[in-house]
Amino acid sequence: MKLRLSSTGKSVLAILIVAMLGVGLACAGEEATPTSAPTATLAPAATATTAPTATLVPTATATLVPGAPTPTATLVPTATAIPTVTATAAPTATPRQSAATLTQLPGYKPAWGQPQRGGIMKTGIPNPLSNVRPVTYSSGNETQITPLYNALVKYDPWAATSSLIGDLAKSWEFSGDGLSLTFKLEERVKFQDNPVVPADIRGGDFTCEDVQASVEYTVRPPEPKRAPKATLQHVTGVSCPDGAQGYTAVVNLSQMLARTLGVFFTMPMLDKGWIDWYVANHFDEMGTGSPASFKLAMGTGAFVPLEFQVDVVAKSRRNPSYFREGLPLLDGIDAFILKDFTTRFTALATGQINWLGGASSALLPGQVTQAERDFPDRIVVHMGLHNWGSGLWLNLNRVPFNDRRVRQAIELALDRNDWQLFQMYGSRSGAMLTGYNGPYPAFWWGTPEEVLKTWPGYRQPKDQDIAEANRLLDEVFGKGKRFSTTCLTRNTQNFMNYCLFFKDQMKKNLGIEVSMQPVEVAVMSTYTDACNFDIQGMNLRGGEGDPDDRLVQYSRAYPQSSAEKCKLEGITAAEPALQAEIQAMIEAQSGEFDQVKRAEMVRAIDKKLTLELIDSSPFGWIMIFNGTTPDLKGYTLTATPVMMTQTIFERVWLAK
């Protein structure tokens with residue numbers, strides 16, 4: 001780190017706003033063809049459509065979206081009552097889902113019309129497949145990988161609130177002592193008939209032995225680069241009381257922990273024979289994205305892998321042996337890799353793709369405004385909650401970030417109101433105020449906004465906090481002296497905006513010089529694994545249905561990935577007593593089954609992480625804006641974070 005005198009420079013905020021807003025799209029192409037009224041019954045299968053062949057070279061003009069008026073700064077109260085949380089029981093039975101019953105399921109919208117069968121859904125995604133390992137939720141691979149698999153339980157993709165329902169499990173029940181969880185399995189599920197897999201393995205029945213093998217593969221993975229599932233380390237194994245080929249699976253536990261059931265939605269069910277074959281013959285090949293590794297996939301999901309062209313497209317087709325009758329409705333999914341934001345938007349506006357998503361790489365603010373203003377008959381905008389926050393990761397292994405006073409100064413100086421205004425999508429903000437653990441009420445354990453607004457660094461006006469931040473830096477470096485640093489991030493606009501915003505805030509409020517280092521995803525991973533960075537502008541790890549999903553990274557009691565080891569080693573070296581205190585708090589809340597009490601315990605951890613440890617600085621929780629063409633029906637975003645509802649694609653259809 002270089003010590004240097006403070007100086008005042010020109011703000012980069014104007015540049016940042018132009019970059020973030022995206023570009024306006026000049027009107028081009030033919031008018032959209034009106035869709036016909038939906039029929040009363042499932043339509044016959046449609047002929048698969050071909051991928052677009054035209055090169056997408058949009059003509060763009062800069063468009064500045066009018067910002068929302070700046071709110072009047074007021075001193076907020078210092079004490080606020082925390083809303084209570086109503087505890088709810090998990091469902092124990094699964095409603096039968098099929099094409100014929102879609103219109104009776106909770107969340108179905110009559111405006112969608114009658115479900116229809118046929119057609120290829122074409123999607124635009126921002127990043128190539130860096131790996132093709134089995135997953136049932138993903139940030140960016142939701143149309144390439146997750147539709148190939150099922151879990152035992154899932155979140156209902158149409159439900160208004162987060163609701164766990166059965167996927168491959170018909171029902172479940174905990175024992176009286178909480179040390180076993182019994183799943184009753186669906187009895188007519190078959191693994192996909194993948195011709196790449198040996199004939200004596202593919203297409204077999206899903207039974208208890210597959211649950212046994214899948215749990216072991218997830219909890220103790222054989223691949224050296226794949227970290228064990230930290231939130232499942234209390235799972236000691238699975239027994240099959242009706243035999244290996246039976247349909248009852250008992251998960252045995254070493255501890256009674258509140259998170260147990262919800263974690264199973266993240267675990268894809270794999271064939272025992274496939275796991276043995278894959279480990280013996282193709283060990284960790286799916287750790288990279290290649291045409292050959294993509295075709296190795298064999299789950300029970302609604303779609304089967306067909307073809308993968310690197311940096312071009314990943315194709316999957318309907319699973320003819322899928323256990324839900326009549327589903328999926330689509331003939332297949334073609335996921336085109338379109339790295340440029342404007343190119344993807346052009347493809348959506350001209351009907352060359354039906355869906356534009358990619359988690360935090362979905363529609364930019366200016367594109368949302370453009371879609372609603374200029375293409376209301378061509379683009380439907382869907383607003384939803386991401387599973388991740390946006391912000392910074394401070395490397396406590398590096399000087400000066402191992403000094404709590406420096407981290408406190410950064411936290412105090414960040415103006416999160418500026419971030420929310422900067423993230424305006426027309427009249428809607430793309431960021432929710434949040435602590436470390438996610439926003440309330442989307443996450444029942446989150447700290448409510450009215451409480452956050454009383455905390456140093458979050459409160460308004462900012463004068464007091466900025467003055468204290470500069471006092472702390474003067475104490476560390478000497479009067480008026482500051483340091484310079486580098487912000488590492490991915491080279492896509494939404495990630496670069498994190499570092500650009502941080503650069504502006506530090507220069508304006510503290511006189512700290514920040515340079516930006518944007519790199520490809522693979523390069524970013526290399527820097528992270530080597531713990532070779534000062535600060536990262538990144539999506540902050542979020543929730544997957546339980547607070548432990550985020551909190552376990554702060555506990556030495558759990559296995560860690562390379563990135564988590566980097567984080568925890570820095571924390572332990574810089575703040576050993578605080579790390580031990582936080583770990584004890586994490587372990588205590590993990591065993592609390594009363595949801596109201598547990599929420600209070602998690603909020604206490606949230607405050608300690610935010611105001612004392614400060615290894616990360618959240619700007620806000622990410623709101624995402626996906627776009628679809630009007631003929632794509634059954635697609636919606638709900639209050640459930642988007643990564644938890646990726647089973648939705650077995651329910652969507654193309655209206656004719």
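This is a predicted model: local features need pLDDT of at least 70, side-chain atom pairs count only at pLDDT 80 or more; totals for chains, interfaces and linings use all residues.
**The whole protein**

Start with everything shown as a cartoon. Of its 656 residues, 57% are buried. Now think about how the chain folds back on itself: among contacts between residues at least 6 apart in sequence, 75% join residues at least 24 apart.

**The nonpolar cores**

Next, select L152, F183, F264 and W274. These are the residues with the most contacts inside the largest nonpolar core, which has 150 residues. Then highlight helix α12, residues 493-510, which gives this core its largest share, seven residues. Apart from this core lies another one of nine residues, including W393, V519, M524 and F533.

Zoom in on F183 for a moment. Leaving out residues up to four places away in sequence, its contacts include L152, W172, Y247, L261 and F264.

Select α8, residues 404-413. Is this helix mostly covered or mostly uncovered? It is mostly covered, with seven of its ten residues buried. Among the buried ones are R407 and E411, along with V406, I410 and L412.

Now step to D415, in the loop between α8 and α9 (416-422). D415 is buried yet has no salt bridge, and K462, the nearest side chain of opposite charge, is 5.7 Å away. What does the side chain of D415 make a polar contact with? The partner is the side chain of Q460, at 3.0 Å. Beyond its neighbours within four places in sequence, D415 is in contact with Q460, K462, F501 and Q505.

**Salt bridges**

The model has 38 salt bridges in total. Select R404 and E575 to see one of them, with the closest N and O atoms 2.8 Å apart. R404 sits in helix α8, while E575 is in the loop between α15 (562-574) and α16 (576-590), 171 residues apart. R404 counts as partly exposed because its relative accessibility is 27%, whereas E575 is buried at 9%.

For another pair, select D331 and R318, whose closest N and O atoms are 2.9 Å apart. Here D331 is buried, at 12% relative accessibility, and R318 is buried too, at 18%.

Finish with D403, R405, E468, R471 and E475, which are linked in a network of salt bridges.

Terms used:
Residues are numbered from 1 along each chain as its sequence is written. Side-chain values use heavy atoms; hydrogens and water are left out. Helices (H or I, at least four residues) and strands (E, at least two) are DSSP runs, numbered from the N terminus. Buried means under 20% relative accessible area, exposed over 50%, partly exposed in between (1.4 Å probe, protein chains only). Lys and Arg count as positive and Asp and Glu as negative; His and the chain ends are not counted. A salt bridge is a side-chain nitrogen of Lys or Arg within 4 Å of a carboxyl oxygen of Asp or Glu. A polar contact is a pair of N or O atoms within 3.5 Å; within protein, one must be able to donate a hydrogen and the other to accept it, and residues adjacent in sequence count only if both atoms are side-chain atoms. Contact means heavy atoms within 4.5 Å. A nonpolar core is a set of buried Ala, Val, Leu, Ile, Met, Phe, Trp, Tyr and Cys residues joined through side-chain atoms within 4.5 Å.
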